Amino acid sequence: MAVNRVPVLKRCRSLGLDPIYLGINKKSKRKLERANKKLTEYGLQLREKQKAKFIYGVLEKPFHNYYEKAEKQSGMTGDNLMILLERRLDNVIFRMGLARTRKEARQIVDHKHVLVNGKRVNIPSYLIKAGDEIEIREKSKSSQRYKDILEVTASRLVPEWLDVDQENLKGTVKALPLRENIDVPVNEMLIVELYSK
């Protein structure tokens, strides 16, 4: 399995991204210094794509597959792409506050701690649907890990398209997210421009 091993704060600095969007509450003291280089149009488009891939932890090929899927759906391709990324199971676990970061959410799903509609799912890219019930399995609920996670994520805002019961480590997807509900600082129109060349 391919893994991106670039230090997170270094990557955030190069993309001009606040680490808080990744669930990381650290700041880098270094400043990114570039020799008066103005980014080209292609450079801006590429940066937006890299930002989206980095935030959601998706590699190039799956990201391109999401784009192709978004293109086939009705509506705006850029909005569809962001909604598809937001519907990933690892992202939903992160949004529900059951993981500190998306990477940790991915690990929780990989380790078979998550039930979707009562069935165990260990695929982080599983796309949730409206009405799905997501919970941490009974065996894992009592572990210290989740107590620590809830301490950190208790103050995090849960998106309005999710209904979460943090005491019992479960939640329901009330509806699919709309682009307005997604607070990720990515200009998806630039990604669409990049792919449509």
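Contact here means heavy atoms within 4.5 Å. Keep that in mind, and note that this is a predicted model.

Let's start with two helices, α2 and α9. Helix α2 covers residues 41-56, and helix α9 covers residues 188-195. Which residues of α2 meet α9? On the α2 side they are Glu 41, Tyr 42, Leu 44, Gln 45, Leu 46, Glu 48, Lys 49 and Ala 52. On the α9 side they are Leu 190, Ile 191, Glu 193, Leu 194 and Tyr 195. By class, that contact has eight nonpolar residues, one polar and four charged.

Now the geometry. Two packed helices are described by the angle between their axes and the distance between the axes. For α2 and α9 the angle is about 115 degrees, and the axes are 8 Å apart. Angles of 65 to 115 degrees count as roughly perpendicular, so α2 and α9 are roughly perpendicular to each other. Their crossing is left-handed.

Next, the other partner of α2 on my list. Helix α1 is residues 8-15. The axes of α1 and α2 come within 10 Å and cross at roughly 150 degrees. Over 145 degrees counts as roughly antiparallel, so that is the label for α1 and α2. This crossing is left-handed. From α1, the contact uses Val 8, Arg 11, Cys 12, Ser 14 and Leu 15. From α2, it uses Arg 47, Gln 50, Lys 51 and Phe 54. The classes here are four nonpolar, two polar and three charged.

Back to the α9 end. Val 186 sits in the loop between β5 and α9. Is Val 186 buried or exposed? Its relative accessible area is 6%, so Val 186 is buried. What does Val 186 touch, leaving out residues up to four places away in sequence? Its contacts are Glu 48, Lys 51, Ala 52, Ile 55, Met 82, Arg 179 and Ile 191.

Now helix α8, residues 144-153. Three of its residues are buried: Tyr 146, Ile 149 and Thr 153. They span an arc of only 60 degrees around the axis, so they lie on the same side of α8. Their cover includes α6, β3 and α7.

Why does Lys 141 count as buried? The cut-off is under 20% relative accessible area, and Lys 141 has 19%, so it counts as buried. Beyond its neighbours within four places in sequence, Lys 141 contacts Glu 135, Ile 136, Tyr 146, Asn 168 and Leu 169.

Note on methods. Residues are numbered from 1 along each chain as its sequence is written. This is a predicted model: local features need pLDDT of at least 70, side-chain atom pairs count only at pLDDT 80 or more; totals for chains, interfaces and linings use all residues. Side-chain values use heavy atoms; hydrogens and water are left out. Axes are lines fitted to C-alpha atoms, for helices over the stretch in contact, and angles run from 0 to 180 degrees between N-to-C directions. Helices (H or I, at least four residues) and strands (E, at least two) are DSSP runs, numbered from the N terminus. Angles under 35 degrees count as roughly parallel, over 145 as roughly antiparallel, 65 to 115 as roughly perpendicular and the rest as oblique. A crossing is left-handed if the near helix is turned anticlockwise from the far one by less than a right angle, and right-handed if clockwise. Ala, Val, Leu, Ile, Met, Phe, Trp, Tyr, Cys and Pro count as nonpolar, Asp, Glu, Lys and Arg as charged, and the others, Gly among them, as polar. Buried means under 20% relative accessible area, exposed over 50%, partly exposed in between (1.4 Å probe, protein chains only). The arc is that of the directions from the helix axis to the C-beta atoms.
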